[in-house]
Amino acid sequence: MDQFPKSFGITFTPTIHAKAEGPTDPKGFKLPNPYVVLVTGAGKGLGLHISLAYAYAGASGIVISSRTKKDLDELEKQIHGINKDIKVLSRLCDTTNEQDVKSLVADVRAEFGRLDVAIANAGVISKYIYDADGSNQRLPKGLIEDDDFARVIDINLNGTRHVGKICLPLLQETKDGAQAFIAITSLASHLPDSQLTTLAYNLSKIAMNRMCESIATDHGGDGVVAFAVHPGAVRTPQTEGHMGEAWEAILTDEIGLCGGFCVWLTQERREWLSGRYLSSTWDTAELEGMKDEIVKEDKLKFRMVV
């Protein structure tokens, strides 16, 4: 990771974590009751482990959605294995379909009457391309090769927009809650090229960062806080096909890292971090120690250098 410039924020805190531990260990939390969290793309990978983190932390209600019922059924069993008293609302939902998201949030309102945290996690990267003989899979480079561009933008950016837009009214109404919106972004949002990840993915993630800043600015007066969270460099169903020495050196973080960080982030209201890009790898104690500096200099936002 030393290859990346300081502006990427990889070492924003001097101490960096590869797993949820100490202040981000979800087993060390006791969330207030009631406390309802919604996670999209919960069937596999990051979404699954974010959901489990909130289960360990004692959320009273967990809303899980994905496009595969079998995955959701298995996750619900895992959540109840942690705490059988957690009320789980499981729904099939394609976040690119606005009506699907409306139906999901309507069910949340009917079942719980509140929403403390909405986590827009559903996302994809462009499909691999192959040599003529079908070997040597790799991610497409640049604008010309990425024929999967529209699908990636639709799922990552438009899907996140749908979740934010439709969850906001219920978040605003939950005056005694965290009122938090989290978009799972990526370090790739800093990349100026497609050497590691595809152009569509990079562009969708930087747009999600700005979306969170806009939500914080436009809806902060209604109590909503919004965060763009990089989950760490983890091996998931999306990244398990990434090959080569560069990827072996990068995908070193544990998949539960992000869930623990999200629980820490939303266990209480952190308006001073709202609208900012955050990394799950950062040390939370050191981050809190930088609060005055972050606020005074308005750090962790995307700007043009002139």
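**Exercise 1. Determine the handedness of the crossing of α5 and α6, and describe how the two helices pack.**

*Solution.* 
Step 1. In this predicted model, α5 and α6 cross in a right-handed sense.

Step 2. Contact between them involves, on the α5 side, Phe149, Val152, Ile153, Asn156, Leu157, Thr160, Arg161, Leu168 and Gln172. On the α6 side it involves Leu199, Ala200, Tyr201, Leu203, Ser204, Lys205, Ala207, Met208, Met211, Ile215 and His219.

Step 3. Sorted by class, the residues of this contact comprise 13 nonpolar, five polar and two charged.

Step 4. Two packed helices are described by the angle between their axes and the distance between the axes. For helix α5 (residues 149–173) and helix α6 (residues 199–219), the angle is about 15° and the axes are 9 Å apart.

Step 5. Angles under 35 degrees count as roughly parallel; α5 and α6 are therefore roughly parallel to each other.

**Exercise 2. Characterise the second largest pocket by its volume and by the classes of its lining residues.**

*Solution.* 
Step 1. The space in the second largest pocket amounts to about 500 Å³.

Step 2. Its lining consists of 16 residues. Those nearest the centre of the pocket are Lys6, Ser7, Phe8, Gly9 and Leu300.

Step 3. Divided by class, the lining of the second largest pocket holds seven nonpolar, four polar and five charged residues.

**Exercise 3. Identify the peptide bond geometry between asparagine 33 and proline 34, and locate glutamine 179 and its phi value.**

*Solution.* 
Step 1. Omega is about 5° for the bond joining asparagine 33 and proline 34, and this peptide bond is cis.

Step 2. Proline 34 belongs to the segment before β1 (36–40).

Step 3. Glutamine 179 has phi near 50°, a positive value in a residue other than glycine.

Step 4. Glutamine 179 is placed in the loop between α5 and β5 (180–184).

Terms used. Residues numbered from 1 in each chain as written. Predicted model: local features only at pLDDT ≥ 70, side-chain atom pairs only at ≥ 80, totals over all residues. Heavy atoms only, no water. 1 Å grid on protein atoms, 1.4 Å probe; cavity = no way out; pocket = protein on both sides within 12 Å on 5 of 7 lines; lining within 4 Å. Points joined across faces, edges and corners; volume = space filled by probe spheres on them. Nonpolar A, V, L, I, M, F, W, Y, C, P; charged D, E, K, R; others polar. Axes fitted to C-alpha atoms, helices over the stretch in contact; angles between N-to-C directions. Helix = DSSP H or I, 4+ residues; strand = E, 2+ residues; numbered from the N terminus. Parallel < 35°, antiparallel > 145°, perpendicular 65-115°, else oblique. Left-handed = near helix turned anticlockwise from the far one by under 90°. Contact = heavy atoms within 4.5 Å.
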